[in-house]
Amino acid sequence: MKIEHIAIWVNDLETMKAFYIRYFGATANEKYHNPVKHFQSYFLSFEDGCRLELMQRPDIADAPKDYNRQTTGLIHFAVSVGSRENVDALTEQLRQDGFPIAGEPRTTGDGYYESVVLDPENNIIEITV
C-alpha cells in the first residue's frame, strides 16, 4: 500500500500551486472546475509518485493554524529532498524568500534530519532527508 494523495483546502489556489511547483518540484494537472459546486482543484504530482490535491471552494471556513498550539487531526506532511545539504539549502531558500521557518534544520531524537517550514497558508511541512 502507499498514500496516493493528500488534500488541502486552500484560499488562494494559484499561489499555493506556484509554491509547491517552485520549491518542491511538483507538476500540476489542468485545473478542474465544477461550476455547480463552485469547486476548483489541482493535483500536484511529485517525482516519487505521491500527489497533493489543492482544493478551493468559497464556502469553506478557515481552520486555525498555529504551529505552537496544535490540535488533533492531520498536522503536517514531510517531503524528502535526498540529503542534509538539500534540507539546509531549501530551508535557507524559503527563509530568503520570506517564508516562516518554524523549526531550524536539526537531527531529531528519533534520528531524522529535518527542518519545519510553513507554506503560504501556514500549513506545516517537514523537509527531511
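Predicted model: local features only at pLDDT ≥ 70, side-chain atom pairs only at ≥ 80, totals over all residues.
**Entry 1**

I looked up how helix α1 (residues 13–24) sits against helix α2 (residues 84–96). Their axes come within 11 Å and cross at roughly 140 degrees. From α1, the contact is made by Phe-19, Arg-22, Tyr-23 and Phe-24; from α2, by Leu-90, Gln-93 and Leu-94. Sorted by class, I have five nonpolar residues, one polar and one charged in this contact.

**Entry 1: the nonpolar core**

Which residues touch the most other members of the largest nonpolar core? I found Tyr-20, Phe-24 and Leu-94, in a core of 25 residues. I then listed the elements that each supply at least two residues: β1 (5–9), α1, β4 (39–45), β5 (51–56), β6 (76–80), α2, β8 (113–118) and β9 (124–128). Helix α1 gives the most, with six residues. Phe-24 and Leu-94 had already turned up in the contact between α1 and α2.

Setting aside residues up to four places away in sequence, Tyr-20 touches Gly-25, Ala-26, Leu-44, Leu-52, Phe-77, Asp-119 and Ile-125.

**Entry 2: Ile-6**

I placed Ile-6 in strand β1. With neighbours within four places in sequence left out, Ile-6 is in contact with Arg-51, Leu-52, Glu-53, Leu-74 and Phe-77. Leu-52 and Phe-77 are also among the residues that Tyr-20 touches. I also checked Ile-6 against Asn-34, 28 residues apart along the chain, and their C-alpha atoms are separated by 20 Å.

**Entry 3: the four-stranded sheet**

I traced an open sheet of four strands in the order β6-β9-β8-β7, with mixed pairing.

Next I looked at β8 and β9, which pair in the antiparallel sense over five bridges. Val-116 stands opposite Glu-126 in β9.

**Entry 4: helices on the sheet**

I went back to the helices to see which strands they meet. Helix α1 lies across β6 and β9 and runs at about 10 degrees to β9. Helix α2 packs on the sheet and touches β7, β8 and β9. The direction of α2 makes about 160 degrees with that of β7.

Conventions: Residues numbered from 1 in each chain as written. Heavy atoms only, no water. Axes fitted to C-alpha atoms, helices over the stretch in contact; angles between N-to-C directions. Contact = heavy atoms within 4.5 Å. Nonpolar A, V, L, I, M, F, W, Y, C, P; charged D, E, K, R; others polar. Core = buried A, V, L, I, M, F, W, Y, C linked by side-chain atoms within 4.5 Å. Buried < 20%, exposed > 50% of the residue type's maximum accessible area, 1.4 Å probe, protein only. Pairing = 2+ DSSP bridges.
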